Amino acid sequence: MSNITKKVSWSSRGDELGPVGEGTPLLNGSEQPRHSRQFSEGGSLFQIDRLSTVDLEEEISAEEESARGQPKEIPHNSKLLSLKYESLDYDNSENQLFLEEERRMSFTGFRCLEISRWLICGLIGVLTGLIACFIDIVVEKVARYKYEAIKQNIERFTEVGGLSISLILWAVLNFSFVMVGSILVAFFEPVAAGSGIPQIKCYLNGVKIPRVVRLKTLVIKVCGVICSVIGGLAVGKEGPMIHSGAVVAAGVSQGRSTTLKKDLMIFEYFRRDTEKRDFVSAGAAAGVSAAFGAPVGGVLFSLEEGASFWNQMLTWRIFFASMISTFTLNFFLSISHNNTGDLSNPGLINFGRFESGVLGALFNFLNYWLTIFRIRYVHRPCLQVMEAMLVAAVTASVSFTMIYFSNDCQPLDSEHAEEYPLQLFCADGEYNSMATTFFNTPEKSVRSLFHNQPGTYNPLTLGLFTITYFFLACWTYGLAVSAGVFIPSLLIGAAWGRLCGIWLIWADPGKYALIGAAAQLGGIVRMTLSLTVILVEATGNVTYGLPIMLVLLTAKIVGDYFQEGLYDIHIKLQSVPFLHWEAPATSHWLTTREVMSSPVTCLNRIEKVGTIVDVLSNTSTNHNGFPVVVQPSKLCGLILRSQLIVLLKHKVFVELAGSRLTRRKLQLKDFRDAYPRFPPIQSIHVSQDERECLMDLTEFMNPTPYTVTQETSLPRVFKLFRALGLRHLVVIDDANRVVGLVTRKDLARYHLGKHGLEELHLAQT
């Protein structure tokens, strides 16, 4: 946390929470007084809440905790903003060490760095493609064994009776795989749950999500998504591929693994947040490219949904990584399919080649309340695993029941090359059409809905499947498993799109299935430009570009009227201080004076070591940025907690030795070696004699931090903070004296609500 004062709880709107003077319980059970301010213009009323004085970080003994009585649920408020999330340093600290290194570097050195960036992007593409290939091959092989075993069992018991045995076999196989994947996620790496796209969006936005780009997260993600897809859940593997690509990029670009404690001593120049962010953008794009076979779509996805900062050279490098990823995947899949050199496989998820916003908003609405229920009641790992197993068993049971009672029998001929056709109670030479949708992996079901001939499905089959799969997918997203939402959304949309095509007698149902899939997915995730290109590349036909674009735009407009996109909903439910592209429209009323945090903990340019240790050890504040001042409180620079810890670790002290000042020389490499896991202050021992020494911060501080005055409007501060990727923005007066500090949380807490401009609670959740 940056310079936020210790007492930092914010009251909510008085008209919503009762009369003034009535205490509002917080997460720790304490009560807070309420104060509020109001601004009006032309009859419009905007109410902004004020800082109250509740200490959320007060130590509570075990006896007090027990006496208070813990509730059986975790309280949750959608208007919370968590203090546990820190910001990343996307603005380079241009101190003397950095400037000296840059000035010493020759033109050839800079060219070598640029070549290294291209090399890293190539490696990201290759490794992401290999991971995608591994996932695809394992899922294909194991799923084939699973469905063949269930099919043989169903065929045997259809003749002699006892189909309940087949149902039990299907359910047991499903929840066995899901149990393994859920245990890996819930007990070993919870951040690997879900698609990972919201977390990567937050990372690229400048929020430090703990453990999101670790090697362990990658391993759990890959194993988890394999188990989820094989386990028959209503999930896809595209979201985890995007997360996996981002983790690969974060690791490769650093030239070492902190998890394995292995340092290759390469790419050391890129060991900082600014460079790492660009490579993570490339990794996310490579993941999209591998999942959909859409390199251009990957670049646009990274631009539209992920990257907060962009430039022309970064675009080319990201496109290069995406192309390499697709090529690698195609090459190794051709080897796996015994057709070496055939590079026609677009990606993990392809829809073959072609010669609604309201339903998406409903999906998001239901998933929103389901996620709140999970946060409150299903927060223990054992409960999360049990829920995942329950969903797997219910999915298998519902699928079996739908197939069992379906009488939609279709002739089985050469044009209907179903992978696992189930005859069940159909006549010889026919297969159960409902089984084509349920008794298959979601990707193959989507392809069947797109390309099977007209008359393959009757309307009742498609209608029942749409309703059933809609609720199964809604229940599944948010479980403690690695899973994506793209393919379930496409499958739901393809089903009702094909249903609409059947009703329009003159239409091709397959083409309407594609349009319905686009509408459903667009209504859930609210992507427009990138999703249009992804679907066009995945289908291999640009003819459908215009109708897909119009459908996605309509789905976004209609969906936004009712509910936010699914990824934005989950970011908000995690109370992440996410900064959108623009400040709230009605925030011109606010100035920096009302937004900033104060008082600010400052350090002198030459400061006592003991003072620095005490400031860093103060757990009640836990600041991460400190303005450096010269008397009387005039700003001369800014220094970070991580820099001070490295200085203390290496004993960079100034001490009197006779008549001379001596100190140890430190290099920029020392800071890069400590990145990104800087040691805690508690692990650094400073003797009593060392506490009396001095530390000169001149060489290590950033002498030119960005500053604003107290009268600057909130939108202007927001634009400066967002565009430059800042972590701290110092507020000064006319005499260059430090009067406050603006951080991400100071800006993220303002948003437009139902009653105008509102302010979120700040709490240590």
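**Close-up views of rings, charges and helices**

The structure holds 22 aromatic pairs; rings of Phe, Tyr and Trp (its six-membered ring) pair if their centres lie within 6.5 Å. Before we zoom in, note that this is a predicted model, in which local features need pLDDT of at least 70, side-chain atom pairs count only at pLDDT 80 or more, and totals for chains, interfaces and linings use all residues. Residues are numbered from 1 along each chain as its sequence is written, and side-chain values use heavy atoms, leaving out hydrogens and water.

**View 1. Phe 465 and Tyr 469 form a stacked aromatic pair.** Their centres are 5.2 Å apart, with 25° between the planes (planes under 30 degrees apart count as stacked, over 60 as edge-to-face and the rest as tilted). Both residues lie in helix α15 (residues 459-476), four residues apart, about one turn of the helix. Helices here are DSSP runs of H or I with at least four residues, numbered from the N terminus. Phe 465 and Tyr 469 are both buried (under 20% relative accessible area; exposed is over 50% and partly exposed in between, with a 1.4 Å probe and protein chains only).

**View 2. Phe 470 and Phe 471 form an edge-to-face pair.** Here the centres are 5.4 Å apart and the planes stand at 85°. Phe 470 has 4% relative accessibility, so Phe 470 counts as buried. Phe 471 is partly exposed, because its relative accessible area is 48%.

**View 3. Seven names to look for belong to one aromatic cluster: Tyr 147, Trp 170, Phe 400, Tyr 404, Phe 405, Phe 425 and Phe 439.**

**View 4. The charged end of Arg 272 sits over the ring of Tyr 269.** It is 4.6 Å from the ring centre (the rule asks for NZ of Lys or CZ of Arg within 6 Å of the centre and within 35 degrees of the ring normal). Tyr 269 is also touched by Glu 101, a residue of helix α2 (residues 96-104). Contact means heavy atoms within 4.5 Å. Glu 101 counts as buried because its relative accessibility is 17%.

**View 5. Helix α3 (residues 107-160) and helix α8 (residues 273-292) cross at roughly 35°.** Their axes, lines fitted to C-alpha atoms over the stretch in contact, with angles from 0 to 180 degrees between N-to-C directions, come within 9 Å. Among the contact residues are Ile 120 and Ala 132 in α3 and Phe 279 and Gly 283 in α8.

Terms used:
Helix = DSSP H or I, 4+ residues; strand = E, 2+ residues; numbered from the N terminus. Lists of a residue's contacts leave out its neighbours within four places in sequence.
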